[in-house]
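Student: I have a protein chain to look through today. Could we go over it together, one part at a time?

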Amino acid sequence: MHALRPLLRKSLFNLFAAALASAVLLAPRTASAEALLLIEADSGKVLQAENATIPWYPASVTKIMTAYVTLKAVKDGRLTLDTLITVSPTAASQSPSKMGFRPGTQLTVDNALKMMMVKSANDMAVVLAEGVGGSIDGFSAMMNDTAQKLGMTQTSYVNPNGLPADGQITSARDLGILARSFLRDLPEYEYFVHIPAIRFGKRVTGNFNKLIGRYPGADGFKTGFICASGYNLVASATRNGRRLIAVVLGANSGTARAVKAAQLLERGFSQDNLTWLRPSLGTVDKLVPVDASPPNLREDMCGGHRKRPASDDDDALIAANGGTSGSASATGGEAQVTFFTAGLQPPLMKASELMASAPAAAEPVLVYTGPTRTGSALIAAVAADADQQATPKPRGKKSRVARKPDAADKPADKPKDAKTAAAKPDAAKPDAKSDTKSAAKPAGTKHAAAKHGAAAKPAEKPAASGDQAAKPAKPKAATKPAAKPANNS
């Protein structure tokens with residue numbers, strides 16, 4: 001009888017584990033227009049995967065690859081972090097979010113990377129692409145070649161910033177592979193994926209990844225948004241020496257993507273002692289790709305039902321409504337247990353409350369234009385950038401005509417980074433075509449003034465989308481970009 005007890009215990013154990021797994025696998029699942037993935041950074045082991053191999057529009061998580069290719073070139077000695085690169089008219093013409101520097105402005109690879117990764121600056125992505133690959137097309141070829149070498153079989157790139165383009169596609173699986181590769185191949189440059197904030201002149205911009213400074217152990221990576229993709233996030237965190245990577249694609253708000261990523265990470269960390277209960281999902285590179293077209297979430301993300309235009313810098317956090325409204329519904333309800341070991345796992349931390357809290361205090365990293373500087377030269381460079389930021393304001397106050405575009409610009413600030421337009425040193429010219437300079441010129445009806453205005457406009461035009469290059473009244477030109485950021489990463 002005693003000899004039979006171990007066999008009986010083992011049989012009951014196997015029966016229990018099989019029943020538990022079957023119950024979860026056979027349970028009906030609600031359709032979801034999003035993709036989720038949770039993996040171990042070191043081993044690539046998949047801890048959770050939902051729609052992880054369905055093709056998806058990457059939006060600004062594209063910039064992880066832009067940073068990877070750039071830093072690989074630095075590591076290989078083809079350039080340095082101190083190498084000066086120049087803002088071209090093409091770079092200056094990119095849609096927000098961006099720094100808004102004038103064509104001809106120079107800055108280091110180091111500063112461009114920091115601006116791109118923290119502020120998600122689309123113009124800086126192009127500056128880096130042209131500096132490393134010679135052109136957008138040349139750099140995109142480098143990105144695609146790198147993706148193939150890393151095993152990202154579902155990914156193709158057309159541009160370095162993730163702005164809408166045919167053929168710009170990835171998947172949660174491929175983004176997991178890319179994040180692992182970044183940590184493995186470029187450990188000395190990992191700092192770039194978890195900078196909490198940057199200071200340019202007088203303006204401080206916090207990282208769009210809301211886990212940085214809020215979720216314990218958060219240490220990467222990047223957010224993204226265009227209307228077609230929804231809200232995307234690749235995030236990583238480390239606890240007790242174990243690092244996990246979470247990918248969320250297609251969330252319905254910036255808050256939701258951060259909360260979902262925090263929940264995934266928390267489940268992964270808390271389930272470490274119950275791995276034997278979960279069916280093995282293999283490693284991320286073994287996930288089988290799905291042959292399908294990416295879902296287009298434009299209507300859901302940017303339809304008329306939204307109270308304000310959607311954007312990557314979605315600060316409509318739960319803090320704005322007292323930590324209750326919208327948080328649970330946006331994430332499917334935090335009390336809902338969706339992991340394999342439902343009922344056996346410890347209570348999850350409230351991710352929505354965590355994301356609504358203020359980030360941990362951190363000194364913003366100084367970024368600036370021009371060559372690498374230290375000491376008093378750095379202080380002078382920061383002061384010069386701050387002075388440039390302040391120059392448009394007096395002009396707006398002096399000219400009654402110039403004040404109108406400022407008012408019209410407010411909706412354009414709303415969908416993107418509210419800090420962007422307020423602080424852009426030269427962005428007023430390339431970004432909003434009817435800013436103070438262009439608005440003031442028509443006010444003086446002299447031909448000489450008109451000539452100067454005409455000379456300035458070709459450099460400004462690229463900042464607008466093609467359909468805004470016609471000649472409507474100036475205030476209209478300022479209002480049109482307000483809708484444009486709905487398509488920007």
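**Overall picture**

Tutor: Among contacts in the chain between residues at least 6 apart in sequence, 71% join residues at least 24 apart; contact means heavy atoms within 4.5 Å. This is a predicted model, in which local features need pLDDT of at least 70 and side-chain atom pairs count only at pLDDT 80 or more, while totals for chains, interfaces and linings use all residues. Residues are numbered from 1 along each chain as its sequence is written, and side-chain values use heavy atoms, with hydrogens and water left out.

Student: How many helices and strands are there in the chain?

Tutor: The chain has 19 helices and ten strands. Helices (H or I, at least four residues) and strands (E, at least two) are DSSP runs, numbered from the N terminus.

Student: And what percentage of the residues count as buried?

Tutor: Of the 489 residues, 53% count as buried. Buried means under 20% relative accessible area, exposed over 50%, and partly exposed in between (1.4 Å probe, protein chains only).

Student: Which residues of α4 are buried?

Tutor: Helix α4 covers residues 109-119, and eleven of its eleven residues are buried. Among them are Val-109, Asp-110, Lys-114 and Lys-119.

Student: What follows α4?

Tutor: Ser-120 follows α4, in the loop between α4 and α5. Its phi is near 60°, a positive value in a residue other than glycine. Most residues other than glycine have a negative phi, and most peptide bonds are trans. Ser-120 is also buried, with a relative accessible area of 0%.

Student: Where is Ala-59, then?

Tutor: Ala-59 lies in the loop between β2 (46-50) and α2. Its phi is positive as well, near 55°, and Ala-59 counts as buried at 0% relative accessibility.

Student: New topic: helix pairs. At what angle do α5 and α6 cross?

Tutor: The axes of α5 (residues 122-133) and α6 (residues 136-150) cross at roughly 80° and come within 8 Å. Axes are lines fitted to C-alpha atoms, for helices over the stretch in contact, and angles run from 0 to 180 degrees between N-to-C directions. The two helices are therefore roughly perpendicular to each other. Angles under 35 degrees count as roughly parallel, over 145 as roughly antiparallel, 65 to 115 as roughly perpendicular and the rest as oblique.

Student: Which residues of α5 and α6 meet?

Tutor: Val-126, Ala-129, Glu-130, Val-132 and Gly-133 in α5 meet Ile-136, Gly-138, Phe-139 and Met-142 in α6.

Student: How do α2 and α7 cross?

Tutor: The axes of α2 (residues 62-75) and α7 (residues 172-185) come within 11 Å and cross at roughly 25°. That makes α2 roughly parallel to α7. The contact includes Ile-64, Tyr-68 and Leu-71 of α2 together with Leu-178 and Phe-182 of α7.

Student: Last one: is Leu-264 buried or exposed?

Tutor: Leu-264, in helix α8 (residues 254-270), is buried, with a relative accessible area of 2%. Leaving aside neighbours within four places in sequence, its contacts include Leu-36, Gln-48 and Val-248. The C-alpha atoms of Leu-264 and Ile-39, 225 residues apart along the chain, are separated by 9.7 Å.
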